Amino acid sequence: MKKLPLIVFFLFLLTSCEEDITIDLPAGDELLVVEGHIEQDAPPIVLLTRTVPVFSEVSAKSLAESFVHGAEVKVTNNGKSYTLKELPLGALPDAVKQIVAIQFGLQPELLSGVGGFEFYIYTSEELRGEVGQQYNLEINYQRKSLTATTTIPQLNPLDSLWTAPHPSPAQDSLRILYYRYSDPDTLGNSIRYFTKRNSEPFYPGLFGSVFNDELINGGSISFPLDRGEPKGQAEVDEDLYSYFGKGDTVTVRWAAIDLPHYRFWSSLENEQNSNGSPIGAPNITQSNIKGGLGVWGGYGVTYHRLIIR
Amino acid sequence: MSLTIQQNQGLPNHIYTFLLLLGLLVGFIPAAYAQPAYTLSGRVTDAETGLPLAGATVFLQELQSAGAITDASGTYSFNARSGMYTLVAKYIGYEIQQEPVQLTKSIVVDVKLVASTYAVREVEVTAQRKPPITETAVMGQLELPLETIKTLPVLFGEVDILKAVQLLPGVQAAGEGGTGFYVRGGGADQNLVLLDKAIVYNPGHLFNFFSVFNSDAIDNTTLIKGNMPAHYGGRLSSVLDIGMKEGNLNDTEVSGGIGLISSRLSVQGPIKAEKSSFILSGRRTYADALFNPFLKNTDQGGVPYYFYDLNGKIIFILSESDKVYFSGYYGRDVGSLTLSDGRFDAEFSWGNASATAHWEHTFNDKLKADFSGILTNYNFQFDWDFGGFKTLVKTGVQDYSLHLDFDYQPSALHHLQYGVQYTYHTLKPRSGTAQNSEGDNFDTDKLRNKYGHETALYISDDVYLSDKLLFSLGLRNSYFNQVGPYTLYQFNENQQATDSTHYTSGENVATYSAWEPRVSVKYELSKTASVKAAFTKSAQYLHLVSNAYTTLPLDVWVPSSAVVEPQRATQYALGYFKSIKQNQYEGSVEIYYKDLKNQLEYRQGYAPGPSNRDLDYEFVSGNGKSYGIELFARKNYGKLQGWLGYTLSRTTRTFPDLNEGKMFPARYDRRHDLSVVGSYTYNDRWTFGGSFVYGTGEATTLPVRRYYIEGTVNYQYGSRNSFRMEPTHRLDLSATLQAKKWRNIESSWTFSIYNVYGRRNPFLYYIDNEGEAYGNTVKLQAKKTSIVPFPLPSVTWNFTWK
């Protein structure tokens with residue numbers, strides 16, 4: 001769906017061309033970026049980095065330098081405040097590593113430091129996320145102060161998963177995954193989903209990983225669920241996109257999220273999908289962080305499994 | 001956003017005040033300045049076709065200061081003292097006609113002009129000899145004779161009025177290759193585009209590559225940049241008034257053309273000789289057939305896409321003093337597509353339709369009235385089926401209007417125009433419905449049609465205070481009333497509706513009104529030079545906000561409502577006008593300053609998508625400013641004709657909720673804008689044309705820093721529109737060959753090359769990225785997208801059969 005306009009507007013494709021150019025961009029002011037999550041039965045995990053000029057060097061060294069060390073990071077829940085400690089990933093128990101890998105879409109091998117840089121996070125052993133709770137984040141670093149609020153919403157599990165055949169009979173090894181979901185009566189329920197095929201990592205939906213009940217509030221819906229894929233691919237294999245294979249064991253990570261959290265992903269995906277499209281609209285990711293960029297988002301997660309026969 | 005609603009400002013009260021003023025104006029001025037003189041009036045027509053000749057010069061040989069230029073309906077009127085005179089009527093391409101007249105009372109003299117034997121080209125029949133720009137009081141008004149437009153080189157060989165308009169000073173093209181335009185720092189929605197009095201809500205086909213105006217069906221085009229006379233209203237920036245051609249009253253004629261992407265055919269002729277006529281024109285593209293071979297191997301497999309236009313007009317001359325016409329337009333873009341092996345199947349279409357019924361009645365030589373009923377409609381529809389999940393999205397506008405306009409010339413010193421205009425608007429938001437194969441239904445049930453009454457009363461008087469001083473005093477009172485059914489929502493900080501107020505059908509929701517003075521003054525420094533000054537206020541009650549790089553067919557028109565206030569503008573202009581060698585050359589210098597209030601943009605972070613929230617709530621409003629100087633020089637007659645237009649201007653916006661409240665350049669802020677247009681008639685057979693344009697690069701917002709989310713690149717943006725793309729410039733050339741006449745067929749070939757030196761004008765800049773941060777594979781590259789980045793040749797064959 002997201003790619004549709006490019007095809008509709010064929011004349012643009014026929015008569016337009018793209019070329020590489022060199023432009024000078026002003027350096028802008030450095031902002032802090034939060035990528036932080038809390039889900040039920042897991043500790044809060046906060047990744048704190050800084051923005052760098054667009055065309056500054058891409059290297060393991062510059063990546064390592066983008067981590068912000070020594071910030072004061074606090075999460076408050078029910079009047080109780082927890083200070084998050086900064087730790088390298090290698091120093092964490094395996095269970096926490098696992099959560100980080102899932103929450104941040106990291107390749108598992110990065111966890112062992114193969115990337116050539118040390119990955120730092122802020123976390124707390126004392127706090128575990130609970131469904132229905134609100135968590136306030138506060139970060140102080142040098143003269144910068146960042147705040148954000150999120151909730152872990154009530155769980156909104158899927159009703160069921162099933163598959164249907166590929167529209168072309170020749171492609172009988174490929175299946176379309178369908179889900180059925182019943183939305184609670186309150187408006188504003190939102191979902192982010194990830195899929196996992198066999199032993200692969202979980203990947204969020206590529207062009208759109210979030211849904212919102214604005215148009216279906218209180219109703220129930222069945223719809224195809226596109227297979228999640230790694231982001232940043234130079235080109236997506238259009239023949240295989242969205243489909244699962246016969247024999248796959250599919251796990252769906254179905255996470256209830258609150259509205260500001262939904263808006264972050266929705267606007268981010270919108271920005272990424274329309275970047276460079278002549279008929280797209282320029283869009284800027286809507287952060288829920290006051291004083292910085294990024295997201296502080298709670299996940300209320302349920303897992304669903306289907307073996308495709 | 002502050003919300004000011006003028007409560008219960010009753011319409012009757014309003015009209016009363018207005019009529020009072022009107023009475024004062026009409027009653028007072030003639031008494032003070034009336035002089036004994038008789039009126040000489042009449043109509044100048046083509047002896048062969050019976051059609052009116054607009055722009056013909058009529059004067060008294062013995063009294064050169066007494067004379068007039070015919071208006072669009074071919075009528076002229078002027079005053080002179082009693083005496084014996086010779087009346088002279090002149091028009092380019094016609095024999096001069098002289099006639100003795102005895103002026104002892106006001107008389108009517110109709111003149112039929114015979115075409116010069118050497119002027120056989122069809123275009124010259126519709127060509128207008130314009131009144132010199134020094135003579136009218138209106139500022140910033142430019143007429144574009146179709147003759148000129150037809151010699152301009154064009155994209156794909158499609159003659160396009162909107163693209164010719166873009167070449168005038170003060171007017172900017174909205175994006176390379178497109179037909180959209182911005183006038184003096186105003187948005188694309190601030191142009192009033194009229195086709196036989198009907199508003200055209202979306203004047204573009206195929207994402208605005210082509211305009212909906214078929215050049216075969218169009219007679220004359222007038223553009224007014226901001227200082228519009230009082231009988232125009234509802235838009236802030238400009239009026240583009242296009243008249244449909246009337247059929248030949250004496251002979252049947254077939255004309256048409258075959259071009260690279262479309263063909264045209266027109267038939268016209270008398271229904272009853274000299275009394276009534278018809279014209280029917282059609283145009284259809286065959287892009288589908290043309291492009292399919294290129295797309296055979298793509299997923300799409302072809303382009304089932306086309307557009308067409310139909311224009312028709314019939315006129316009845318009922319008597320000396322009554323003329324009636326009915327005209328209509330219907331055009332659509334139609335297409336479909338199938339993707340993913342048939343899993344996705346869609347059909348879409350959009351287009352305008354309009355119908356105008358118009359009755360012109362002449363009471364006497366002083367008073368004329370026009371009565372029009374107008375229907376106009378725009379709608380967009382997208383229907384798709386995704387694996388059994390059927391969705392329908394639509395949007396549109398529908399208007400019913402009545403206009404009653406009077407034209408009254410009580411004496412040589414006054415020319416009054418007054419009238420009343422009423423429109424009932426229905427605006428359909430971008431709404432959707434969907435259902436799946438199991439019968440579950442979903443829809444945007446909170447998005448409902450919006451309704452509004454728009455009324456305007458106007459009066460204007462051209463007061464000739466002396467031979468040298470002309471005052472044009474105009475006043476328009478516009479009034480907009482949003483009525484129910486309507487639901488007004490209140491939202492919490494999470495943007496969720498918390499409360500609502502419901503208005504029942506017909507119930508008053510919000511009322512706005514505006515006094516819109518339109519004043520201009522002309523002072524003649526000499527016979528050939530004048531200075532003019534103008535002051536204009538205007539209000540706009542319908543809005544279209546686009547946040548894409550180009551206007552799209554699914555953009556939505558939104559009325560002023562309890563949430564959205566009307567846009568308002570005040571413009572000041574001053575100009576010096578000069579005409580040389582009997583208007584063979586003309587030139588002008590104009591400066592303007594424009595102050596804009598309640599301009600609309602999407603709020604920070606608005607993302608288009610399926611929504612159950614009215615667009616009204618997605619806007620933020622702010623103010624704008626635009627000022628500049630426009631230079632214009634034109635050579636009107638001779639083998640070499642053309643013009644040069646240059647604009648130096650600055651346009652800014654200030655929105656409390658955008659760019660941290662700081663002023664930013666508008667997207668259409670263009671420091672320099674230059675157009676050079678020329679045509680050269682080499683001999684009877686060959687005519688050459690060319691145009692060159694240059695414009696300062698568009699203001700755009702670009703990222704300045706980057707960061708990673710889930711390992712992929714995201715951007716931190718610089719301040720709004722703070723970056724400039726490189727300048728745009730382009731040369732287009734054309735050559736027209738008049739073919740030898742064959743039987744009754746006259747024909748010509750037009751060859752043109754668009755973008756002769758293959759300039760890659762920027763349409764869009766962006767920073768492309770791919771790769772993954774933690775695997776260290778990120779790549780970033782700045783890219784420029786250009787449209788038609790190569791010389792594009794085309795050929796068109798046009799013919800006329802009589």
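How far apart do the C-alpha centres of domain 1 of chain A and domain 2 of chain A lie? In this predicted model, the two centres lie 25 Å apart.

## The two domains of chain A

The domain assignment of chain A gives domain 1 as residues 31-151. Domain 2 is given as residues 155-284 together with residues 301-307.

Where the domains meet, 10 residues of domain 1 of chain A are in contact with eight residues of domain 2 of chain A. On the domain 1 side that touches domain 2, helix 4 (94-103) and strand 9 (144-151) of chain A each supply at least two residues. Sorted by class, that side of domain 1 has four nonpolar residues, five polar residues and one charged residue.

## Strand 5 of chain A and its partners

Strand 5 of chain A covers residues 72-77. Strand 5 runs antiparallel to strand 8 (residues 134-141) of chain A, and five bridges join the two. In one of these pairings, A:V73 has A:I139 in strand 8 as its bridge partner.

Strand 5 of chain A is also joined to strand 6 (residues 80-88) of chain A, again by five bridges and in the antiparallel sense. Here the bridge partner of A:K74 is A:T83 in strand 6. Strands 5 and 6 of chain A form a hairpin with two residues between them. In the turn, A:N78 has a positive phi of about 55°.

An open sheet is formed by three strands in the order 4(A)-44(B)-45(B), with antiparallel pairing. The edge strands are strand 4 (52-53) of chain A and strand 45 (712-717) of chain B, each of which pairs on one side only.

Within chain B, strand 44 (residues 703-709) and strand 45 pair over six bridges in the antiparallel sense. B:Y708, for example, has B:V713 in strand 45 as its bridge partner.

## B:E586 in chain B

B:E586 belongs to strand 37 (residues 585-602) of chain B. Is B:E586 buried or exposed? B:E586 is buried, because 21 other C-beta atoms lie within 10 Å, and the cut-off for a buried residue is 20 or more.

A second residue of chain B, B:K150, gives a comparison of sequence and space. B:E586 and B:K150 are 436 residues apart in sequence. From C-alpha to C-alpha, B:E586 and B:K150 are 21 Å apart in space.

Note on methods: Residues are numbered from 1 along each chain as its sequence is written. Chains are lettered from A and ligands numbered from 1 in the order in which they are written. This is a predicted model: local features need pLDDT of at least 70, side-chain atom pairs count only at pLDDT 80 or more; totals for chains, interfaces and linings use all residues. Two strands pair if DSSP finds at least two bridges between them. Helices (H or I, at least four residues) and strands (E, at least two) are DSSP runs, numbered from the N terminus. A residue is buried if 20 or more other C-beta atoms lie within 10 Å of its own, exposed if 12 or fewer, and partly exposed in between; C-beta atoms are placed from the backbone. Domain bounds come from an automatic or database domain assignment. Two residues are in contact if their C-beta atoms, placed from the backbone, lie within 7 Å. Ala, Val, Leu, Ile, Met, Phe, Trp, Tyr, Cys and Pro count as nonpolar, Asp, Glu, Lys and Arg as charged, and the others, Gly among them, as polar.
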